[in-house]
Amino acid sequence: MKTTGQVTNMTPQQQLQDLSAILRSMKAFHLQHGPATAQVRRDRLMRSANLIRENYARLTTAISDDFGHRSGYQTMAADLITTINMLTHSADNLEQWMQPEVAAVPVDGMQAWTEPQPLGVVGIISPWNFPINLAFGPLAGVFAAGNTAMLKPSELTPRTSELLAELVPRYFSPNELTVVLGDADTGQAFSRLPFDHLVFTGSTAVGRHVMRAAAENLVPVTLELGGKSPVVVDVDADPVVAAERTLTIKTFNAGQICISPDYVLLPEQLESAFVAAAQAFVGKTFPTLQSNEDYTSVINERHFLRLLNLLEDARSKGARVISLAPGNEPAFDNQSRKIAPHIILDVTEEMLVMQEEIFGPLLPVKTYAADVSEAIRYINAGPRPLAVYYFGHDAERQKQLRLHTTSGALVINDVMTHASIDSLPFGGVGASGTGAYHGVHGFRRFSHAKPVVVQESAGHSNLRLRAPYQDKVIAAEAFLKN
């Protein structure tokens, strides 16, 4: 395990003891200094943004090295710029968010309000697919709410995580923000700490373990998980628009995104037009893949082989697999770990590609014969997704899908747009996660809304509970009978 500035070889128990000592120090600091002022909060947010801005070239290189190859633009757009925008949005609005909210009172002269109070020290376990955005994005709410944080970045992006461990101490004291490096054992020890809140972004399977570990200390958790986010194409949709906007996101970061489209539900009569549009779009946007700087590799060999196994499993069970690799290029390359986008037709529930979250550039297409209610029934038969994407223009059918499906978000006639709107909450529901952040929703998530009541001088609400009760019974019975 490595913390900012130290490297040690430890048993799991020693790791837990060492991390506990760090957390105790941070909690003591938080209590000693009291709630952070707006000036301190804004300073922490802007130091976070400056860390990214002033080291963007090194961060971009480290992330690409970790992936084998990752598009520099994708890193700048989704990992760096988006995160800076989240941090500055919080810095610009935190004073307004910090204001107490006056509450209605039952007696004249009484005062009541809620005031947002920092929770304390927040733990953040971030994943590999967007290693800056999903590490520093939560800090936009954590710091705005007046908290401090411990960050455990992914061991699957070691160069990026090591760079964060190097950079963070240049911008923050260890009692403001601490980076902890280590493998899955370190992650397990981290999730067992008595944080004031814990944020985990990753798979549903690991999320269950994190939530179970946090429960030992009654630590509240925000789980940003994944699942199978569907694209529903209605009969009145333009299949070209649906294919282009879906494949835009399916090819971004090679589909290694928790809210990437996981499968398409499509009217039977639109299948051929959708496939043709997908082929044309990929051929136009990626005239080459293997040597293309714009196309990202799969993160490591294990995930690369997992995706190829999904393809082979689907093919062996009767699926039609269409590689969208341009020209005479191969469908995949073991050395570059680049896999071309694939359309998978005639899918069935027995195929692994329809059971697991894909997290890669594979797109199953499942057709339906009736109206959109058939697609709604299919979505509702599975776990609740992180997002649902709908293409169609009929207002009543949009409403039908909106009211009769439950998901972390719904986007109509586009894919993934919601994630970059700071005024919207971002999070899942059920198996796709619990809790949400971004913007004011992150501020609220990482604050305690403390009720404060000031009794009026006569103390009416106290007197009504004071014995003897005989005279009060008459008034109570009269209220109940009416």
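When I say two residues are in contact, I mean they have heavy atoms within 4.5 Å of each other. Keep that in mind, everyone, as we walk through this predicted model.

Let's start with F136. Setting aside neighbours within four places in sequence, F136 is in contact with S48, L51, I52, T83, L87, L164 and V168. One of those partners, I52, joins F136 and I259 as the residues with the most contacts inside the largest nonpolar core, which has 84 residues. There is also a second, separate core: 27 residues, including F304, L308, I339 and I344. As a general point, nonpolar side chains in soluble globular proteins tend to be buried together.

Now, over to T60. You'll find T60 in helix α3, which covers residues 56–67. Is T60 buried or exposed? Its relative accessible area is 14%, and because the cut-off for buried is under 20%, T60 counts as buried. A polar atom of the T60 side chain sits 2.7 Å from the backbone oxygen of Y56. Beyond four places in sequence, T60 touches G72, T75, M76 and L80.

Let's zoom out to the whole protein. There are 16 helices and 22 strands, and 53% of the 482 residues are buried. Among contacts with a separation of 6 or more, 73% are between residues 24 or more positions apart. Along the principal axes, the C-alpha atoms fill a box of roughly 90 × 65 × 40 Å.

Technical notes: Residues are numbered from 1 along each chain as its sequence is written. This is a predicted model: local features need pLDDT of at least 70, side-chain atom pairs count only at pLDDT 80 or more; totals for chains, interfaces and linings use all residues. Side-chain values use heavy atoms; hydrogens and water are left out. Helices (H or I, at least four residues) and strands (E, at least two) are DSSP runs, numbered from the N terminus. Buried means under 20% relative accessible area, exposed over 50%, partly exposed in between (1.4 Å probe, protein chains only). A polar contact is a pair of N or O atoms within 3.5 Å; within protein, one must be able to donate a hydrogen and the other to accept it, and residues adjacent in sequence count only if both atoms are side-chain atoms. A nonpolar core is a set of buried Ala, Val, Leu, Ile, Met, Phe, Trp, Tyr and Cys residues joined through side-chain atoms within 4.5 Å.
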